[in-house]
Amino acid sequence: MNIMDFNVKKLAADAGTFLSRAVQFTEEKLGQAEKTELDAHLENLLSKAECTKIWTEKIMKQTEVLLQPNPNARIEEFVYEKLDRKAPSRINNPELLGQYMIDAGTEFGPGTAYGNALIKCGETQKRIGTADRELIQTSALNFLTPLRNFIEGDYKTIAKERKLLQNKRLDLDAAKTRLKKAKAAETRASIWAEEVTKSEQELRITQSEFDRQAEITRLLLEGISSTHAHHLRCLNDFVEAQMTYYAQCYQYMLDLQKQLGSFPSIYHCNNNQTSVAPTPSASSNVIGSSTLTSTSGLVITSPSNLTDLKECSGSRKARVLYDYDAANSTELSLLADEVITVFSVVGMDSDWLMGERGNQKGRVPITYLELLN
């Protein structure tokens, strides 16, 4: 029974305090009551904290959009995070594109120019996808997590103490108002003397609580400068992660461009239509000093001893300079950088040699080869 009485009394006291604050707040808004103003330094700290919170939220949300443009995926990741479970790993867009390219290139044939180019592009896209995944992970750990911790941790504490400071200020101003009314009534009736004494004591208590809460709030708010310094370090980490990502992508694409640039300037069909071989210059019988310029701007110097090979009956090893698609069953398809055996056949066109790779044999264009010592 005593516990029930205590709970009822506490509930009544809390209700009275809430009502008193509500009345004070309303009278302040209507201009019917005075309001204790915070000192300028504390007001500036409060403004700085609010500004930090607003812009941190905006930067954090837009960074999330940048790293994961798919809103459904972001929602799914948020749900898994709240459930404290790991989100399932999914293939990203560059990786998916890369896999499609590799599958298509395999279907068309790695020995064809288009098929080989698709495979090379697909492998590069998958490497970019891996780099993209690393960027997201690094940025989430070093940039987004600290920002989120501030919003969900430090700023929530500041907001809680700020709300408490607001309540203490309302209590203080309500006590001031009661004391003012009691003193005004005291001049008319001595019975109010006790009420004045009570109001003065209440004012001293509320003033002390307000000052204490203002100091607590001020100390918390002064930590915002440290938060800015921490977020600056996180921002540097984010920029470094982006720099690494874009440098990797640039290098991947540069390497891919070089690979595609090594392809012959004239591509051949993937079917059995007539293929056009590179047309040698009038001095093709003396290739040693001549140079061949492709449409991609690459200049390749052909070795002089290929002509010598035409005049002997021996065989030599040769490195393939470009991919080549066989136009018919008498020719041999080639892949750039592979090494094959070549030899001359009496009566064969001067622009061609016979190539051999394992059990496969066929004609190969001489301008696609570099004879090895």
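Q: In this predicted model, which residue of β5 does Thr341 stand opposite?
A: Thr341 stands opposite Glu356.

Q: What makes β4 and β5 a pair?
A: Pairing needs at least two bridges between two strands. β4 and β5 (residues 352-357) share three bridges, so they count as paired. The sense is antiparallel.

Q: Why are β3 and β4 called paired?
A: The cut-off is again at least two bridges. Five bridges join β3 (residues 315-320) to β4 (residues 339-343), so these strands qualify. They run antiparallel. Among the bridge partners are Ser315 and, in β4, Phe343.

Q: How do you know that β3 pairs with β7?
A: Three bridges link β3 to β7 (residues 369-371). At least two are required, so the strands pair. The sense is antiparallel. Val320 stands opposite Leu369 of β7.

Q: What makes β6 and β7 edge strands?
A: The open sheet has five strands in the order β6-β5-β4-β3-β7, with antiparallel pairing. β6 (360-365) and β7 each pair on one side only. On average, neighbouring strands of this sheet are turned by 45° against each other, direction ignored.

Definitions and conventions. Residues are numbered from 1 along each chain as its sequence is written. This is a predicted model: local features need pLDDT of at least 70, side-chain atom pairs count only at pLDDT 80 or more; totals for chains, interfaces and linings use all residues. Side-chain values use heavy atoms; hydrogens and water are left out. Helices (H or I, at least four residues) and strands (E, at least two) are DSSP runs, numbered from the N terminus. Axes are lines fitted to C-alpha atoms, for helices over the stretch in contact, and angles run from 0 to 180 degrees between N-to-C directions.
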